[in-house]
Amino acid sequence: MVGMNLTRRAALRGMAGASAAMSPRLRAMMRYRQAAGSAMNPAGRVATSAERRLAKGPFEPTWESLKTYKTPLWFRDAKFGIWAHWSAQCVPEQGDWYARNMYIQGSRQYNYHVEHYGHPSKFGFKDIDHIWGAENWQPEYLMDLYVKAGAKYFMSLANHHDNFDCYDSTYHEWNSTKIGPKKDLVGIWAKTARARGLRFGASNHSSHAWHWFQTAFGYDFEGPLAGVRYDGYTKASQGKGLWWDGFDPQDLYVGPSFPLPDGLMTKQQQDDWRKGHDAKWHEEPPELHPEFTNEWFLRTRELVDKYDLDFLYFDDTELPFGQTGLDVVADFYNRNTAKHKGKLEACVFGKGFTKEHMGAAVLDLERGRANEIQELPWQTDTCIGDWHYNINVFREHRYKTAKSVVQMLADIVSKNGNLCLNIPVKGDGTIDSDELQVVRDLAGWFPANGEAIYGTRPFKVFGEGPPDVVATGNFNEGKGRAYTAEDIRFTVKDGRLYAIVMAWPESGKVKIKTLAQGSPVFAGEVAKVELLGAGGDLAHTRDADGLTVMLPGRAATDFAFSLRVTPANAGLLRGE
C-alpha cells in the first residue's frame with residue numbers, strides 16, 4: 001500500500017511537471033481527472049454506474065427502483081414557485097436560443113449579432129459570456145418581491161444549452177465565477193432564497209449542448225464571409241494574449257459532432273441538413289465525446305451537493321443520457337434520504353415520461369397544462385414572456401398578465417399540480433417595469449386567496465365550465481379559450497371546499513352546479529359560504545340546479561376570487 005501511494009504521488013508530480021508543455025485543454029482535463037478520479041472519466045467511453053461511486057441507499061439506478069419514489073409533502077403544499085431562467089443569453093435582450101440562432105445566417109438573432117457585435121467568426125458566444133456583467137443585480141430585492149408575490153420555492157438556472165455553468169464549478173472552467181459576472185450566481189440565489197424560508201433548486205439544461213451548439217461550427221452561405229467557419233473551431237492556442245487566454249473554447253462548444261458540411265451554399269440546403277442533425281432533440285450521449293457525458297455527471301452531482309438542492313429540473317424527455325441520468329437521480333435521492341435521516345425530501349423534474357417510467361420523478365409540463373386531475377403530483381413550468389429576456393416583449397407589452405397567471409395557477413392546482421413561473425432577468429440583473437407590475441399584482445392577490453391554494457388537495461372533480469384544454473401535454477397553453485365566470489376550480493383543505501371563480505359575474509351571483517342538492521360529490525349540507533378576504537357569511541341557496549351564492553354588490557377584484565364552502569358535516573371532506 002505504501003509503495004502504491006508513492007508510485008501514485010510520483011506519477012502526479014511527473015504529470016504536474018509536464019503540464020507546462022500541455023495545451024490549456026489538456027491541462028484542464030488533467031485537473032478534471034485529478035479532482036474526479038480517473039475511474040470516473042475513463043478514456044474513450046462513458047463511465048459505468050459502479051465507477052461513479054454512487055451514494056448507497058434505498059434507490060438503485062434503474063427505472064424500477066426509482067418508481068418507488070414518493071413526492072415530498074413540502075412540494076405538494078407549496079404550489080407556486082418562481083424561476084430565474086438567467087444566463088448570458090439575456091445580454092443581447094433578443095429572447096430565446098440566442099446562443100444557437102446567432103450562428104444561423106438569416107435568423108433575426110444572427111442579423112442582430114452581426115449589427116451589434118460583429119460576425120460570429122470573430123465575436124462568438126464565448127465573447128457574450130465574457131461581457132455578461134450582472135452589474136445591477138440585487139438578489140435580495142428581487143427575492144423580497146418574489147416572496148411577496150406568493151412564491152414558496154425558487155429555482156435558479158444552473159446552465160443552459162449554451163454549456164456555461166452559473167456556479168462555482170470544479171469540473172467546468174466556463175463558469176460564472178471565472179468568466180463574465182465573476183460571481184457564484186447559484187450560490188447567491190440559494191443563500192438569498194433560504195434566508196427567506198424558500199425551498200431552493202436549480203435547472204440543468206446542459207445535456208443538450210453537444211448537439212444544440214453545433215451551429216457554432218457552421219458558416220455563412222452567402223455574403224463577403226461565405227464559407228468562413230464560425231468560432232466553434234477556435235483552438236486554445238489562439239487565445240494567447242486575449243481575454244480567454246488559458247481557456248479552451250472547445251470545452252464550451254463541446255467539439256464537433258456533426259458540423260455543417262462544406263458546400264451547403266443556400267439557406268434551404270443548410271436548413272434541410274440541420275433538420276436531420278443538430279436541430280433534432282437528442283437524448284443519447286454524444287458518441288464522439290464520451291468525456292462530455294462523464295463531465296456532465298460530475299458537474300451535476302457537484303451542483304446538487306454544493307448547493308444542497310431541494311429539487312433539480314432537467315430540460316429533457318424523461319432523463320438525460322440514458323443510464324447516466326438514472327445514475328444522477330439515484331445518487332441524488334440516496335444522498336437526500338441520508339441527509340434527512342431516512343426521509344426523502346428531494347424532487348427531480350423531467351418531461352414526457354412513458355407510462356412504464358411514470359413516477360420515477362415529477363412530471364413537468366413545459367408551457368403546458370393538464371385536462372384532468374393527475375394521479376401523481378406534477379408541475380407546469382412557464383414564463384411571462386420569453387425564457388431569456390427579450391426587450392421586444394417589453395416594448396410591445398406582451399407579457400402574461402397577473403390575472404392570466406392566477407387563472408392558470410388555479411387550474412393547475414385543482415388538477416394536483418404546481419406552477420413554476422419564470423420572470424425573465426436582463427443581463428444586468430434587473431427586471432423591467434412591466435415585469436415588476438406583474439409581480440406586484442400577484443402580491444396583491446395572494447394575501448386574500450392563498451388559503452385556497454397553499455396546502456390544498458384536489459376535490460373529487462377539478463371544476464366546472466365549458467371544455468378548455470383538449471389534452472394533457474407540453475406547449476398547449478394559449479390554445480384554450482378565455483375564462484369566464486362560468487369557470488370554477490375546486491380545491492380542499494382542512495374539511496373545507498374552495499371554489500375559485502375565474503371572473504366576477506356581471507349578475508353578482510355565482511352558481512356552482514357541482515354542489516347541487518343531492519350531488520354525488522358533495523352529499524351533505526352547506527353550513528357557510530364566505531368570500532376570502534371579505535369575511536362574513538354570504539347569502540346562498542341550494543337546489544337541484546346548483547349552489548347559488550350572492551356576492552357583494554360590486555366586484556371585489558378583476559382577478560379570480562375564492563369562495564370558502566364549509567359543509568355542515570365537518571368530516572365530509574376529510575381525506576380529500
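Asp543 has Gly546 of strand β15 as its bridge partner. The pairing of β14 (540-543) with β15 (residues 546-550) is antiparallel and runs over 4 bridges; strands here are DSSP runs of E with at least two residues, helices are runs of H or I with at least four, and both are numbered from the N terminus. Two strands pair if DSSP finds at least two bridges between them. The model is a predicted one, in which local features need pLDDT of at least 70 and side-chain atom pairs count only at pLDDT 80 or more, while totals for chains, interfaces and linings use all residues. Residues are numbered from 1 along each chain as its sequence is written, and side-chain values use heavy atoms, with hydrogens and water left out.

The open sheet has 3 strands in the order β12-β15-β14, with antiparallel pairing. Because β12 (509-512) and β14 (540-543) stand at the edges with a single partner strand each, one side of each is left without a neighbour in the sheet. From one strand to the next, the twist averages 15°.

Turning to the helices, the axes of α8 (residues 139-148) and α9 (residues 185-194) come within 10 Å and cross at roughly 45°; axes are lines fitted to C-alpha atoms, for helices over the stretch in contact, and angles run from 0 to 180 degrees between N-to-C directions. This makes α8 oblique to α9 (angles under 35 degrees count as roughly parallel, over 145 as roughly antiparallel, 65 to 115 as roughly perpendicular and the rest as oblique). Helices α13 (residues 290-306) and α14 (residues 323-339) pack at about 20°, with axes 10 Å apart, and are therefore roughly parallel to each other.

Aromatic rings come next. The count is 43 aromatic pairs, where rings of Phe, Tyr and Trp (its six-membered ring) pair if their centres lie within 6.5 Å, with planes under 30 degrees apart stacked, over 60 edge-to-face and the rest tilted. Phe125 and Phe213 form an edge-to-face pair, 6.2 Å centre to centre with 65° between the planes. Since Phe125 lies in helix α7 (residues 125-131) and Phe213 in the loop between α10 (209-212) and α11 (249-253), the pair ties together parts that are 88 residues apart in sequence. Both Phe125 and Phe213 are buried (under 20% relative accessible area, with a 1.4 Å probe and protein chains only). Ring pairs also link a cluster that includes Trp86, Trp132, Tyr146 and Phe200.

How values were computed: Buried < 20%, exposed > 50% of the residue type's maximum accessible area, 1.4 Å probe, protein only.
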